[in-house]
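Me: I would like to learn how to read a few features of a protein model. Could we take them one at a time?

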Amino acid sequence: MTYLSPFPKDELDRRILNARKALKENNLDGILIAVPENIYYLTGLDHWGFFAAHVLVLNQSGEMGLCCRAMERITVENQVRNARFYGHKDHEELSDYVHQAMKDLGLSGGRVGIEKRSLFLTARHAERIQDDRFGTTWVDASGILDDLRLVKSPLEMEYTRKAAHAVDLGTLAAVDAVRDGATDYEVSAAYHSKMILEGSEYPGFGPFIRPTSRLGEEHTTWRGEVFRNGDAVFLETCASYRKYQSPMGRLVYVGNAPKGVEESAELAIRGMKAICEALRPGADAGDAYEAWHEVAASAGLVDYHRHHCGYLVGIGFPPSWTGGSMVTSLFPKSTRKIEVGMVVHAHSWFTNTKVADYFISNTVMVTENGGEILTNKTPETLIVR
């Protein structure tokens with residue numbers, strides 16, 4: 001079987017050219033890339049070997065060396081065409097191979113960036129790498145390449161739409177599995193089966209599925225509980241196509257819903273519409289939060305605030321679908337400029353307020369006319385099973 005790269009050569013070449021421009025703008029001779037999403041972005045390397053630190057060395061000329069465990073050689077040779085392989089044995093130090101790659105690429109003693117914000121570059125690795133004894137000037141280059149990934153190419157938009165198709169149908173299957181007496185195992189199994197059969201790979205997070213008793217727990221999921229009439233079942237799901245993430249969320253009531261929840265659902269829908277209308281090219285990310293909060297205030301929730309009303313998504317490796325350890329969000333007063341091709345996991349979220357609990361979230365793509373909801377098959381209106 002021939003391995004088909006997720007990205008054609010011209011797409012990778014364009015990305016490397018943009019990375020080289022970023023190095024020049026930041027007065028860097030090179031950069032050590034340790035964020036898996038950024039390594040994938042520049043090389044197409046797609047595996048789970050990132051649990052052990054990988055470092056991609058890039059110089060101003062666009063030459064690259066990939067340093068990781070020697071046992072990954074076959075994977076790298078099958079998938080990567082634009083970087084030289086430096087493989088260390090498990091009893092050897094990654095840093096020695098990084099130093100060799102830097103020497104080969106003419107970076108020893110230069111001004112070199114390092115991605116300190118990687119989940120996988122441990123303090124020990126980072127300290128040994130920076131103790132290079134060649135007089136290198138080290139610069140924290142976290143975020144430089146992350147920003148390049150925020151605006152999607154036409155191919156990346158296509159991949160995102162395919163992920164959105166899979167998450168939508170998977171979520172519908174999860175909703176159908178909710179009933180009095182159903183376990184969260186059943187709901188999770190229904191979701192996984194359908195979203196995989198619709199073309200999804202593993203997402204960055206597993207789906208978050210939990211009952212009313214754990215509604216406020218931000219990042220917990222199924223663990224063998226049984227849903228009963230009157231429960232609110234929290235579903236926050238995601239699918240992935242070629243590592244491009246498409247998250248969404250819905251709240252499903254079992255058997256019956258509390259008084260006033262229809263109004264809460266309508267409030268959440270109006271909030272989502274406001275976010276999408278605010279996601280226009282040239283606007284500030286904070287404008288979307290303000291638009292959402294105006295909807296909340298219209299319902300008397302003037303003092304209700306959240307940390308954001310969404311965040312940008314794209315390439316994502318476990319343990320996150322946010323694209324790394326940081327969240328680039330639509331937070332209050334954010335001045336980040338919105339651009340066509342950005343993709344947002346938008347939240348219109350009303351829980352633990354004086355109105356009945358309800359929330360929706362969607363994958364939204366920024367177009368010339370504002371935000372387009374890609375996860376549009378699963379109803380936003382009140383769902384009672």
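**Salt bridges, strands and spaces**

Reply: Asp147 counts as partly exposed, because its relative accessibility is 42%. Keep in mind that this is a predicted model.

Me: Which residue meets the side chain of Asp147 in a salt bridge?

Reply: The partner is Arg336, with an N to O distance of 3.6 Å. This pair links distant parts of the chain, 189 residues apart: Asp147 belongs to helix H6 (residues 144–148), while Arg336 lies in the loop between strand E10 (310–312) and strand E11 (343–350). Arg336 has a relative accessible area of 32%, so it is partly exposed as well.

Me: How many salt bridges does a search of the whole structure find?

Reply: The search finds 27. One of them pairs Arg15 with Glu156, where the closest N and O atoms are 3.3 Å apart. Here too distant parts of the chain are linked: Arg15 sits in helix H1 (residues 9–25) and Glu156 in helix H7 (residues 154–177), 141 residues apart.

Me: Is Arg15 buried or exposed?

Reply: To read burial, compare the relative accessible area with the cut-off: buried means under 20%. Arg15 is at 0% relative accessibility and therefore counts as buried. Glu156, with a relative accessible area of 1%, is buried too.

Me: What about Glu225, and how far apart are the closest N and O atoms in its salt bridge with Arg214?

Reply: They are 2.5 Å apart. Glu225 and Arg214 are both in the loop between strand E7 (208–210) and strand E8 (232–241), 11 residues apart. Arg214 is buried, because its relative accessible area is 3%.

Me: Let us turn to strands. What should I expect of the side chains in a regular strand?

Reply: They alternate between the two faces of the sheet. For a case in this model, take strand E4 (residues 84–88), which is mostly covered, with 4 of its 5 residues buried. Strand E3 (residues 64–69) runs parallel to E4, and 5 bridges join the two. Within this pairing, Gly65 stands opposite Arg84 in E4.

Me: What does the chain pass through from E3 to E4?

Reply: The chain crosses through helix H3 (residues 73–79), and this β-α-β crossover is right-handed.

Me: What is the volume of the largest pocket?

Reply: The largest pocket has a volume of about 340 Å³. It is lined by 22 residues, and those closest to its centre are Asp146, Leu150, Met326, Val327 and Thr328. The lining of the largest pocket comprises 8 nonpolar, 8 polar and 6 charged residues.

Methods:
Residues numbered from 1 in each chain as written. Predicted model: local features only at pLDDT ≥ 70, side-chain atom pairs only at ≥ 80, totals over all residues. Heavy atoms only, no water. Buried < 20%, exposed > 50% of the residue type's maximum accessible area, 1.4 Å probe, protein only. Pairing = 2+ DSSP bridges. Right-handed = clockwise from strand over helix to strand, strands pointing away. Salt bridge = Lys/Arg side-chain N within 4 Å of Asp/Glu carboxyl O. 1 Å grid on protein atoms, 1.4 Å probe; cavity = no way out; pocket = protein on both sides within 12 Å on 5 of 7 lines; lining within 4 Å. Points joined across faces, edges and corners; volume = space filled by probe spheres on them. Nonpolar A, V, L, I, M, F, W, Y, C, P; charged D, E, K, R; others polar.
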